[in-house]
Amino acid sequence: MSRTIPCATTIAEIRATLGQSRDRGATVGLVPTMGALHEGHLSLIRAARAENDVVVVSIFVNPTQFGPNEDLKHYPRDLAGDRALSAEAGADVIFNPPEEEMYPGTFSTWVEVEGLTDGLCGRSRPGHFRGMCTVVTKLFNICQPDRAYFGEKDAQQLAVIARMARNLDMAVQIVPCPTVREPDGLAMSSRNARLAPEQRAQAPALYEALNAARVLVGAGQRSTAVLDRAMRSILAEASLGEIDYLEIVGADDLVPVPTIAGECLIAMAVRFGPVRLIDNIRVQG
Ligand code: AMP
């Protein structure tokens with residue numbers, strides 16, 4: 001039988017729990033999630049388990065990072081399942097606040113990272129990163145973790161959080177974790193469950209296209225126009241997904257590059273009906 005771990009729903013409660021641990025000299029690792037946990041999330045929890053005395057998993061579907069036409073209402077939720085999986089992966093406590101706890105009526109303060117949030121997901125999801133940075137700042141202030149774990153699957157999110165933590169002198173180490181994939185290459189995502197069977201069958205096309213680009217770069221191809229064409233043709237052939245963006249950018253500044261030089265990120269978002277999937281890889285020029 002799996003271990004039951006406590007679930008704090010108020011800021012006061014989680015502060016008291018983690019405060020007691022910190023008073024004993026324990027280190028705290030935070031894994032922020034929106035729940036509907038899968039192996040990708042669990043890999044973050046295991047990484048946190050290996051490096052900290054106490055592991056807290058926050059489960060909060062953050063309304064301020066969803067646009068008006070996005071899938072907030074349909075976002076999958078399964079607190080009981082998430083709690084059991086978190087415990088199995090080594091978490092010590094869950095923080096699952098209701099919306100009013102995080103955003104009381106008087107809420108009017110936002111954290112915004114400029115520049116890095118202009119392109120990629122930022123272009124098609126205005127306000128997304130402002131909401132995400134604000135909630136992550138709140139989670140850092142509430143939990144005061146020594147380390148916080150984020151997946152490379154959300155490459156822009158990771159870059160933005162790392163910049164935010166540096167710029168605002170937050171005393172937390174941001175730890176990147178590799179993308180966990182299904183056996184057919186599809187990056188694990190809570191949103192995959194919303195794909196119709198034929199869409200699910202086509203969804204590995206994202207990673208196929210990224211891998212084809214990786215092979216081309218390995219063979220010496222440096223032109224991003226050539227890589228872009230190759231990836232678009234794979235996506236068009238293998239799926240009915242609609243490309244939201246497909247960009248090749250510098251890994252640090254996320255600015256589009258004409259040629260692969262230094263570390264670059266190849267990132268894409270593809271829509272299958274209402275479900276928007278993202279994926280990326282890093283390549284070196
Ligand atoms: P989410 O619940 O989608 O907000 O994700 C919570 C954290 O899990 C974020 O840091 C994500 O980047 C990370 N994550 C989500 N999917 C994966 C995956 N397939 N592999 C690794 N990390 C992931």
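Helices (H or I, at least four residues) and strands (E, at least two) are taken as DSSP runs and numbered from the N terminus, and a residue counts as near a molecule or strand if one of its heavy atoms lies within 4 Å of it. The model is predicted, so to read it: local features need pLDDT of at least 70, side-chain atom pairs count only at pLDDT 80 or more, and totals for chains, interfaces and linings use all residues. Residues are numbered from 1 along each chain as its sequence is written, and side-chain values use heavy atoms, with hydrogens and water left out.

## Ligand site

The ligand is surrounded by 17 residues, of which the closest are Met34, His41, Asp154, Val180 and Met188. Helix α2 gives the largest share of this shell, with 3 residues, while β2 (28-33), α2 (39-51) and β5 (147-151) each supply at least two of its residues. By residue type the shell divides into 8 nonpolar, 7 polar and 2 charged, where Ala, Val, Leu, Ile, Met, Phe, Trp, Tyr, Cys and Pro count as nonpolar, Asp, Glu, Lys and Arg as charged, and the others, Gly among them, as polar.

| Residue and its atom | Ligand atom | Distance |
|---|---|---|
| Gly151, backbone N or O | oxygen | 2.9 Å |
| Asp154, side-chain N or O | oxygen | 2.6 Å |
| Met188, polar backbone atom | nitrogen | 2.8 Å |

The protein covers 94% of the 490 Å² of accessible area that the ligand has on its own, as computed by the Shrake-Rupley method with a 1.4 Å probe.

## Parallel sheet

Six strands form an open sheet with parallel pairing, in the order β1-β4-β3-β2-β5-β6, two strands being paired if DSSP finds at least two bridges between them. Its edge strands, β1 (7-8) and β6 (173-177), each pair on one side only. Within the sheet, β3 (residues 54-59) and β4 (residues 93-95) run parallel and are joined by 3 bridges, and Val56 stands opposite Val93 in β4.

Helix α3 (residues 79-89) packs on this sheet and touches β1, β3 and β4, its direction making about 160° with that of β3; contact means heavy atoms within 4.5 Å, and angles run from 0 to 180 degrees between N-to-C directions of axes fitted to C-alpha atoms, for helices over the stretch in contact. Helix α1 (residues 11-23) lies across β1, β2, β3 and β4, and runs at about 145° to β4.

## Antiparallel sheet

Another open sheet is formed by 3 strands in the order β7-β8-β9, with antiparallel pairing, and its edge strands are β7 (242-250) and β9 (275-284). Strand β7 is joined by 8 bridges to β8 (residues 263-272), in which Ala269 is the bridge partner of Tyr245. Helix α10 (residues 224-238) packs on the sheet, touching β7 and β8, and its direction makes about 155° with that of β7.

Conventions: A polar contact is a pair of N or O atoms within 3.5 Å; within protein, one must be able to donate a hydrogen and the other to accept it, and residues adjacent in sequence count only if both atoms are side-chain atoms.
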